[in-house]
Amino acid sequence: MRTHRLIATLATGAAMLVLAACGDSSSSDNEAGGSAGPAEIKSSKSVGQTTGPNGEKATPTSALKLSVAEIERVKAGGYTAALTWHQSSDFTTAVTAGAKDEFAKLGISIVATTNANFDAGKQKNDIETVLAKKPSVMLTLPVDPVTTASAYRAANQAGTKLVLLSNVPKGFSQGEDYVAVVTDDLFQMGKQAADALAAAIGNEGKVAYFFHDASYYVTNQRDQAFKKTIEANYPKIEIVADEGIADPNKAQEQASAILLKNPDLDGIYVTFSQPPAEGVLSALRNNGNTKARLVSLDLDEPLALDMARGGNVTALVTDKAYELGQAMARSAAYGLLDKKAPPFLVAPATTVTKANLAEGYQESLHQAPPKSVLDATK
Amino acid sequence: MSVPPTAEGRTSRVETGLTRSVSTRLRGLDPRAYVVYVAFLLILAFFAITLSDDGFVTSDNLLNIVEQTAPISIMAVAVVFVLSAGEIDLSIGSVVALSSLVAAVVLRDVGLVPGIAAGLGTGVAIGVVNGLFVTLLRLPSFLVTLATMGLVAGLARSITDLESVAVTDLTFADVFGSGDVGPFPSLILWTLAAVAVGHFFYRHRRFGAHVLATGDNAAAARVTGIRVDRVKLAVLVLSATTAALAGLLYAGRLQGANYNLGSSDLLLVIAAVVIGGTRLFGGSGSVVGALIGSLIMGTLNNGLILSGLSASEQLIAQGVLLLLAISLTLREPKA
């Protein structure tokens with residue numbers, strides 16, 4: 001039972017834009033960086049890119065446009081939508097909020113929302129159940145391309161248009177079986193994490209790499225992008241520990257062992273923030289380690305608080321989840337209008353540091369940072 | 001479970017015997033034994049009224065509920081035996097994943113019959129391991145199956161290196177979950193068969209009586225000549241094998257297998273069994289009740305999704321309704 005909850009805290013993320021923000025290396029014992037002042041994050045050369053499931057070229061979500069006449073036509077249709085998510089988290093909450101706001105503009109009402117807890121069997125049940133309400137469109141993140149495909153076939157047969165987040169069911173083709181797939185710019189997310197960590201440690205030193213040891217498109221792409229970027233662009237940075245996190249709740253134990261073996265670590269990358277990066281941060285604290293800089297993906301209160309207080313956390317790379325939701329809703333309108341949508345849409349990501357915490361939260365989740373974080377920055 | 005007979009033990013056995021004969025007679029009159037059915041009907045009626053415009057009462061949706069709960073219902077039948085014998089099996093969720101993957105891989109690489117045999121064989125093997133540790137080493141099943149739960153989950157993750165395996169054999173898919181027999185979806189027939197066979201052995205065969213006696217008081221059961229260890233081994237093999245069957249049903253229904261299948265099933269199964277009137281600590285239970293328990297869980301889930309609540313609101317509402325349902329059905333009378 002625990003496993004799905006553990007995994008259930010995953011989030012997606014990515015970026016088209018390369019962001020130059022200020023890294024925080026305010027900790028005076030950041031010897032590796034050689035400077036106590038904030039280090040500017042420089043964007044390194046891109047050694048890869050996010051491509052669609054069938055090698056499609058990425059189109060930015062900003063390319064989706066609806067004319068006033070088109071919006072009126074959608075409004076007149078009295079359409080309904082169902083959201084069949086893979087999990088519940090602040091990520092899906094923000095995507096849902098983005099979709100809901102956009103649907104409101106389009107006169108589409110949301111009739112059902114589900115959460116599969118990463119269980120393909122449950123997601124199939126959820127999809128079959130919501131089909132009883134005959135939704136016109138379905139926004140969804142397929143838990144697993146293989147084992148959920150039959151459920152999406154049923155949705156197709158019922159005439160429900162599909163807009164996909166991140167994953168594409170096996171054997172599905174755009175235009176016929178689904179309107180579009182929307183995701184984060186996963187490669188850019190991993191790359192921005194690499195650039196942020198490199199800046200924080202002065203482009204040289206020893207780094208531990210905690211990746212997500214599961215078959216999951218989103219985290220796998222991001223993790224590999226981080227590693228590839230470090231290896232290609234930062235020759236003086238050495239990955240001394242390559243540690244797979246299979247159970248995200250056990251990251252603390254794994255990190256303690258790595259810290260014991262490598263007391264002189266300069267930097268740490270953790271695949272996603274909650275719970276593994278939180279676990280790694282508590283291992284650092286238990287260890288009294290104030291030197292190692294920590295970079296992770298996705299916003300999270302304890303990590304943002306540590307960053308605001310000038311602790312180990314130096315940057316959190318995050319996706320624009322709210323914008324993903326808006327783009328999905330807009331793609332749904334394309335489907336309802338029988339207007340051809342770009343096959344593979346990516347929403348940009350952003351690097352959040354101490355310097356741009358408030359803007360980062362707004363851009364990603366469309367909300368202010370938690371009060372504790374705001375207070376700490378004052 | 002192997003409590004040495006003591007003076008106190010003997011007294012309580014005598015008392016248990018007496019109270020049971022009285023309670024058996026009273027059960028015919030005790031409305032609480034039937035409240036679970038009433039609760040189920042009330043939940044159905046509640047959703048039928050509140051969701052009359054939302055497709056709840058369509059035959060498709062009602063069939064959906066039975067089909068969707070089939071793996072849970074089938075596992076619940078076996079878990080009635082396990083709990084009644086005073087044991088527990090925490091490994092069933094992991095067995096679902098491993099057996100579905102083993103079946104899918106063998107099915108792809110060898111063929112239909114070997115695939116089914118390998119899937120079910122996986123369950124039997126794990127059940128035997130669980131059972132032997134519990135009986136030969138006299139270990140609590142809670143800890144043994146907690147250990148095998150992790151072990152089996154790890155094997156499921158490593159067997160295909162986290163990759164999902166597609167099931168393309170249509171015969172397999174039809175038999176295990178995707179097809180129909182006449183007007184009935186195969187999943188419903190599997191469920192009915194499991195419940196009928198389970199009920200028959202639980203209520204009308206010596207095996208069921210031995211299971212109950214073992215759970216009620218293992219030491220007493222041993223004295224009366226029941227081979228308690230054999231009973232414990234049998235129920236653990238039964239539950240793992242049934243979990244493997246559930247794994248095949250998932251693989252057939254989803255036309256594929258992956259390491260996460262069944263990950264949310266363990267608590268659902270135990271909840272279904274206990275709601276259905278089986279005591280968590282052995283000695284009494286009901287197979288038909290477990291089916292109703294499973295349908296209650298499935299109906300709640302289905303109705304709350306159709307009601308259009310957000311995922312978080314659904315969890316809250318499910319908790320509240322479940323509390324209501326169990327307050328009605330499982331309340332112990334005042335001593």
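This is a predicted model: local features need pLDDT of at least 70, side-chain atom pairs count only at pLDDT 80 or more; totals for chains, interfaces and linings use all residues.
Reader: Where does B:Asp174 lie, and which residues does it touch?

Author: Start with the element. B:Asp174 lies in helix α8 of chain B, residues 170–178. Leaving out residues up to four places away in sequence, B:Asp174 touches B:Gly179 and B:Ser186. Then look further along the chain. B:Leu249 is 75 residues from B:Asp174 in sequence, and their C-alpha atoms are 9.7 Å apart.

Reader: What share of chain B is buried?

Author: Of its 335 residues, 51% count as buried. Chain B has 15 helices and 4 strands.

Reader: How many residues of helix α10 of chain B are buried?

Author: 8 of the 11 residues in this helix, 206–216, are buried, and the helix is mostly covered. Among the buried ones are B:His210, B:Leu212 and B:Asp216.

Reader: How do I read a nonpolar core?

Author: General idea first. In soluble globular proteins, nonpolar side chains tend to be buried together. Now the case here. The largest nonpolar core has 222 residues. Those with the most contacts inside this core are A:Ala81, A:Val163, A:Val280, B:Ala76 and B:Val269. Helix α12 of chain B, residues 228–254, gives the largest share, 17 residues. Domain 1 and domain 2 of chain A each give the core at least three residues.

Reader: What does B:Val269 touch?

Author: Apart from residues up to four places away in sequence, B:Val269 touches B:Ile72, B:Met75, B:Ala76, B:Val79 and B:Ile92.

Reader: Where are the domains of chain A?

Author: Domains can be built from separate segments. Domain 1 takes 29–35, 186–318 and 350–377. Domain 2 takes 59–185 and 322–348. Their centres, taken over C-alpha atoms, are 31 Å apart. In the contact, 10 residues of domain 1 meet 12 residues of domain 2. On the domain 1 side, α6 (186–200) and α7 (217–233) of chain A give two or more residues each. α6(A) gives the most, with 4 residues. By class, that side has 6 nonpolar, 3 polar and 1 charged.

Reader: How many residues form the contact between the chains?

Author: Chain A supplies 31 residues and chain B supplies 33. On the chain A side, α1 (2–7), β3 (109–115) and α4 (120–131) each supply at least two. α4(A) gives the most, with 9 residues. That side of chain A divides into 10 nonpolar, 13 polar and 8 charged residues.

Reader: Where do A:Asp298 and B:Leu162 sit?

Author: A:Asp298 is in the loop between β10 (293–297) and α10 (301–308) of chain A. A:Asp298 has 28 other C-beta atoms within 10 Å, so it is buried. B:Leu162 is in the loop between α7 (141–159) and β1 (165–166) of chain B.

Terms used. Residues are numbered from 1 along each chain as its sequence is written. Chains are lettered from A and ligands numbered from 1 in the order in which they are written. Domain bounds come from an automatic or database domain assignment. Two residues are in contact if their C-beta atoms, placed from the backbone, lie within 7 Å. Ala, Val, Leu, Ile, Met, Phe, Trp, Tyr, Cys and Pro count as nonpolar, Asp, Glu, Lys and Arg as charged, and the others, Gly among them, as polar. A nonpolar core is a set of buried Ala, Val, Leu, Ile, Met, Phe, Trp, Tyr and Cys residues joined through C-beta atoms within 7 Å. A residue is buried if 20 or more other C-beta atoms lie within 10 Å of its own, exposed if 12 or fewer, and partly exposed in between; C-beta atoms are placed from the backbone.
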